[in-house]
Amino acid sequence: MKHIIYLATVAILLLGSCTKQVQTLPVEQYDGYIFFSQDVETKAALIGSKDKIDKFGVVGFKYDNSSSWNSHVSTNPSPNVFQASTMPQIVTCDDNGYGTYSPLQGWSNTLKYSFFAYYPVGNPYVSLVNGTGVPSIKYSVNTSDLRSSMIDVMVARSVDQEWNSNSTSNGNVALRFEHCLSGLAMNIKNSTTAPLIIKYIIMEISGIQYKEITIPLDGGATEAVEEDIYGYFAIIPNSTERSIAVGGKVEIADKLILIPQSEDLSIQLEIIYERAASGGFPSSENTVRIPLAGSDDNPQYLRTSLTKGTKHLIQLNFKDSTVEAQMGSGAWNDPISVGSTFN
């Protein structure tokens with residue numbers, strides 16, 4: 001009997017010891033979920049019929065809260081916030097810009113988090129290319145049909161985030177995206193004494209330098225694959241852009257998106273238009289080539305390099321006897337909320 005009592009006493013003491021050890025461990029908090037959001041008002045002319053991005057991909061890392069992303073990435077880590085089978089994690093956005101995904105992941109109060117996102121996701125010309133370290137995407141163009149692969153590629157990052165139970169964000173990660181490519185747009189002004197109808201524009205471009213670019217999602221240096229590309233592109237005004245009143249100005253929504261390059265493109269335009277006669281429309285169809293072709297030994301071109309996050313603008317001014325052309329440029333809102341595009 002004494003032996004049995006002794007064993008029971010030892011068991012109680014051991015149980016008390018284990019309980020005391022558990023109480024000294026940090027208590028994880030998973031009552032707050034990780035959410036992503038966007039707040040967008042955009043024309044979104046280059047991302048289809050929707051006026052907001054419908055989905056984007058996210059890669060997430062979590063690590064000790066005494067560390068930092070710069071220290072953690074030096075260990076060449078694997079993403080570990082979302083399930084490996086779903087990398088990248090697809091975040092689907094509602095009409096108000098709030099993102100959802102499944103299964104939801106919770107914040108730990110003993111860890112830091114870094115998130116890297118990109119748009120578009122599920123596109124044949126954009127792919128996630130590395131599984132460890134700094135995540136990167138590769139964008140490739142269709143060299144036989146450039147227009148089919150012209151998409152507004154954007155990336156975002158949010159590093160060293162921690163759960164804060166007192167934060168008003170309620171666990172939300174607000175991603176701010178940057179344009180990775182360059183835009184080529186057209187602005188037309190009617191300085192003549194009669195209305196114009198722009199039917200279509202043929203843009204002839206030589207000197208396109210790259211067919212592929214690898215883009216680190218942390219904003220690091222890109223790597224591009226060279227290929228000399230030449231192409232013809234039809235620019236088609238929509239129904240509200242086609243007619244330009246006297247003194248009016250319009251920017252054509254139909255634009256080109258190209259990989260940035262420091263070397264100049266060479267551009268020629270052929271514009272097919274109508275100008276109202278004294279009796280009004282219809283009038284005869286006219287064609288103007290800009291700039292006027294020089295000799296075979298000295299051809300004339302519009303020229304521009306392509307800067308990341310910049311809309312390069314071909315500005316055309318129709319006058320009664322001439323058409324003036326010049327190149328200009330303007331930055332996008334960069335960085336921007338998810339969904340903003342060339343505007």
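**Exercise 1. Determine how many cavities of 30 Å³ or more the structure holds, and describe the lining of the largest cavity.**

*Solution.* Step 1: in this predicted model, the number of cavities of 30 Å³ or more is 1. Step 2: the space in the largest cavity amounts to about 60 Å³. Step 3: its lining is formed by Tyr139, Val141, Leu146, Ser149, Met150, Ile208, Tyr210, Ile257, Leu258 and Ile259. Step 4: two or more residues of this lining come from each of strand 12 (196-216) and strand 15 (249-258). Step 5: sorted by class, the lining residues are 9 nonpolar and 1 polar, with no charged residues.

**Exercise 2. Identify which residues have the most contacts inside the largest nonpolar core, and examine the contacts of leucine 269.**

*Solution.* Step 1: the largest nonpolar core comprises 54 residues. Step 2: Ile188, Met203, Leu269 and Ile271 have the most contacts inside this core. Step 3: the element that gives the most to the core is strand 12, with 9 residues. Step 4: leaving aside residues up to four places away in sequence, leucine 269 touches Met186, Ile201, Ile202, Met203, Val288, Arg289, Ile290, Leu302, Ile314 and Leu316. Step 5: another core, of 21 residues, lies apart from the largest one and includes Ile34, Ile53, Ala117 and Tyr119.

Notes. Residues numbered from 1 in each chain as written. Predicted model: local features only at pLDDT ≥ 70, side-chain atom pairs only at ≥ 80, totals over all residues. Heavy atoms only, no water. 1 Å grid on protein atoms, 1.4 Å probe; cavity = no way out; pocket = protein on both sides within 12 Å on 5 of 7 lines; lining within 4 Å. Points joined across faces, edges and corners; volume = space filled by probe spheres on them. Helix = DSSP H or I, 4+ residues; strand = E, 2+ residues; numbered from the N terminus. Nonpolar A, V, L, I, M, F, W, Y, C, P; charged D, E, K, R; others polar. Core = buried A, V, L, I, M, F, W, Y, C linked by side-chain atoms within 4.5 Å. Buried < 20%, exposed > 50% of the residue type's maximum accessible area, 1.4 Å probe, protein only. Contact = heavy atoms within 4.5 Å.
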